[in-house]
Amino acid sequence: MISIALTKGRLEKESVKIFEACGYGIEPLKDKGRQLVFHDTKKDIDYFLVKAADCVTYVEHGVADVGFVGKDTLLESTNRYYELMDLQIGKCGFIVASLPEKDPFKKNTHVKIGTKYPTVAKQYFKEKGMDVEIIKIEGSVELAPILGLCDAIVDIVETGSTLKENGLIVFDRICDISARVIVNKASFRLKKKEILELLDDIGQVIGE
Ligand SMILES: Nc1ncnc2c1ncn2[C@@H]1O[C@H](COP(=O)(O)OP(=O)(O)OP(=O)(O)O)[C@@H](O)[C@H]1O
Ligand SMILES: O=P(O)(O)OC[C@H]1O[C@H](OP(=O)(O)OP(=O)(O)O)[C@H](O)[C@@H]1O
């Protein structure tokens, strides 16, 4: 038996599609109501639906053998797991953005960056040789430079419509993001055959 922690929300539907394409018995997840634990109707697999950061926690603690989670979340976490596959779903990117007149790279004084991703932001500006103040924000990050909480933001962009509708522009693209398969280190030793089979099945449907 293996257990898989799936990130609920944006990655959920596309994750379910992958298991469907693999021919797994994932139907219970398609009509789930408020249920959070599911057993595959064809394979010996349990699925849990969790928030992104918790997906990493469950995998690190070995409660889930495998996790499907965005690279954005992994970049903010520790790395006490194996990252074994790019699922090619949940594609988006990290950017630095602000109002056109608030270019953070042209400011000579103290620069404040609002973000849900402090580790990524800190690392990025450190590499640029800029000593910035990071202000942690939990959501609606685009509001922060508009209201004057910060000079610029580090956030996720997918279609670009949130930035556009709020009058913000991109000053730099930090990196691409997509969902990854992570695996608990001990599980990979103890359940290697089952996990490799799973990765092989997924790899075939996503064309890796
Ligand atoms: N436009 C996007 N905005 C945010 N995340 C996206 C986007 N497109 C893909 N993703 C991916 O989907 C994952 C889950 O995002 P989702 O918004 O569902 O949850 P969240 O970031 O934890 O936010 P919330 O606190 O609103 O649940 C992200 O970690 C990221 O990898
Ligand atoms: O480029 P787009 O397609 O417009 O997507 C980007 C937006 O999506 C995310 O926010 P989310 O919807 O997760 O809400 P949040 O503000 O609660 O983080 C992200 O933080 C951006 O605000």
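Domain bounds here come from an automatic or database domain assignment. The model is predicted, so local features need pLDDT of at least 70, side-chain atom pairs count only at pLDDT 80 or more, and totals for chains, interfaces and linings use all residues. Residues are numbered from 1 along each chain as its sequence is written, while chains are lettered from A and ligands numbered from 1 in the order in which they are written.

**Exercise 1.** Work out how the chain splits into domains and how they meet.

*Solution.* 
- Step 1: domain 1 takes 2-90 + 178-206, and domain 2 takes 92-176.
- Step 2: their C-alpha centres sit 30 Å apart.
- Step 3: count contacts (C-beta atoms, placed from the backbone, within 7 Å). You get 5 residues of domain 1 against 7 of domain 2.
- Step 4: sort the domain 1 side by class, which gives 1 nonpolar, 2 polar and 2 charged residues. Nonpolar means Ala, Val, Leu, Ile, Met, Phe, Trp, Tyr, Cys and Pro; charged means Asp, Glu, Lys and Arg; the others, Gly among them, are polar.

**Exercise 2.** Describe the shell around ligand 2.

*Solution.* 
- Step 1: list the residues around ligand 2 (C-beta atom, placed from the backbone, within 6 Å). They include G139, E142, D155, E158 and T162.
- Step 2: Strand 9 (152-157) and helix 6 (161-165) each give two or more residues.
- Step 3: pick the top contributor: strand 9 gives the most, with 3 residues.

Conventions. Two residues are in contact if their C-beta atoms, placed from the backbone, lie within 7 Å. A residue is near a molecule or strand if its C-beta atom, placed from the backbone, lies within 6 Å of it. Helices (H or I, at least four residues) and strands (E, at least two) are DSSP runs, numbered from the N terminus.
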